[in-house]
Amino acid sequence: MSYSSFKTYLTSNLDITENDLASLLENCKSKTFKKDEFLLRERDYCNQTFFVEEGLLRQYSISSNGKEHTISFGPENWFVTDRESMYFNQPSCYNVQALQDSKVVALDEQFINLLSEKIPSFANFNNKLLHKHIRQLQNRINLLLGANAEERYLEFVAMYPNILLRVPQIMIASYLGITPESLSRVRKELARKNFKK
């Protein structure tokens with residue numbers, strides 16, 4: 001499994017050396033979470049962005065009838081947060097839970113602002129990440145409104161190619177907005193099509 005420390009992630013994406021980063025990151029420590037442990041619970045205030053060094057996170061909401069709706073997954077080298085709660089100081093509508101034993105770096109807004117101030121290229125990089133996230137959300141809304149189950153599943157595979165065997169089928173179905181039975185049919189049909197080739 002390929003993953004990197006937060007420091008390595010920054011040096012590989014920004015024009016900065018590990019030595020230059022050292023003083024900025026001296027208080028930036030990794031935290032470990034056991035499988036099924038929560039990093040954020042609904043109605044709590046989110047005040048951190050989580051960078052996943054190892055493991056896998058899931059962000060989800062629970063509807064009034066108790067049904068879970070998976071919003072996103074956070075594998076290695078991904079960021080997970082509730083932007084609405086963090087930036088508008090509102091109680092979170094989401095839960096963030098470790099699906100595997102996970103190692104994450106928790107970044108608060110003050111630290112993100114410090115990186116932007118001290119490393120000019122980080123501000124541009126962070127802005128690009130934000131716009132990529134918005135694009136992905138818009139694409140997901142469009143798929144949920146107009147795509148069939150197979151198209152949604154294929155887009156999921158493209159988005160998360162390395163987590164198919166790490167996530168229970170019921171959670172993938174929740175992300176796709178379909179039933180586990182429908183997901184099973186989609187997988188069987190795709191396997192049949194590929195077998196015929």
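This is a predicted model: local features need pLDDT of at least 70, side-chain atom pairs count only at pLDDT 80 or more; totals for chains, interfaces and linings use all residues.
Biologist: Why are α1 and α2 called oblique to each other?

Modeller: Helix α1 (residues 6-13) and helix α2 (residues 18-25) pack at about 135°, with their axes 10 Å apart. Helices here are DSSP runs of H or I with at least four residues, and strands are E runs of at least two, numbered from the N terminus. Axes are lines fitted to C-alpha atoms, for helices over the stretch in contact, and angles run from 0 to 180 degrees between N-to-C directions. Under 35 degrees counts as roughly parallel, over 145 as roughly antiparallel, 65 to 115 as roughly perpendicular, and the rest as oblique. The pair is therefore oblique.

Biologist: And which residues make that contact?

Modeller: On α1 they are F6, K7, T8, L10 and T11, and on α2 they are E18, L21 and L25; contact means heavy atoms within 4.5 Å. They divide into 4 nonpolar, 2 polar and 2 charged. For those classes, Ala, Val, Leu, Ile, Met, Phe, Trp, Tyr, Cys and Pro count as nonpolar, Asp, Glu, Lys and Arg as charged, and the others, Gly among them, as polar.

Biologist: What makes α4 and α5 oblique?

Modeller: The axes of helix α4 (residues 109-118) and helix α5 (residues 120-146) cross at roughly 125° and come within 4 Å. By the angle classes, α4 and α5 are therefore oblique too. I112, L115, S116 and K118 in α4 meet P120, F122, A123 and N126 in α5. That contact has 5 nonpolar, 2 polar and 1 charged residues.

Biologist: How do you know whether H133 is buried, partly exposed or exposed?

Modeller: H133 is found in α5. Buried means under 20% relative accessible area, exposed over 50%, and partly exposed in between (1.4 Å probe, protein chains only). H133 has 32% relative accessibility, so it counts as partly exposed.

Biologist: What stands out about D36 and N89?

Modeller: D36 has a positive phi of about 80° although it isn't a glycine, and N89 is another non-glycine with a positive phi, near 50°. D36 sits in the loop between β1 (30-33) and β2 (38-40). At 46% relative accessibility, D36 counts as partly exposed. N89 lies in the loop between α3 (83-88) and β7 (95-98). With a relative accessible area of 60%, N89 is exposed.

Biologist: Why is α7 called largely enclosed?

Modeller: 6 of the 8 residues of helix α7 (residues 169-176) are buried, so the rest of the structure largely encloses it. The buried ones are M171, I172, A173, S174, Y175 and L176. Just after α7, G177 takes a positive phi of about 75°.

Biologist: How do you know that F73 is buried?

Modeller: F73 lies in strand β5 (residues 68-74), and its relative accessibility is 1%, so it counts as buried. Its contacts, leaving out residues up to four places away in sequence, include M171, I172 and Y175. F73 and Y175 are 102 residues apart in sequence, yet their C-alpha atoms are 8.9 Å apart.

Biologist: What makes β4 and β5 a pair?

Modeller: Two strands pair if DSSP finds at least two bridges between them. Strand β4 (residues 57-62) and β5 have 6 bridges, in the antiparallel sense. L57 stands opposite G74 in β5. β4 and β5 form a hairpin with 5 residues between them, and G66 in the turn has a positive phi of about 90°.

Biologist: Why are β1 and β6 described as edges?

Modeller: 4 strands form an open antiparallel sheet in the order β1-β8-β3-β6. β1 and β6 (79-80) each have a single partner strand, so one side of each lacks a neighbour in the sheet. 4 bridges join β1 to strand β8 (residues 102-107) in antiparallel fashion, and F33 stands opposite S102 in β8. α1 packs on this sheet, touching β3 (49-54), β6 and β8, and its direction makes about 100° with that of β3.

Key: Residues are numbered from 1 along each chain as its sequence is written. Side-chain values use heavy atoms; hydrogens and water are left out.
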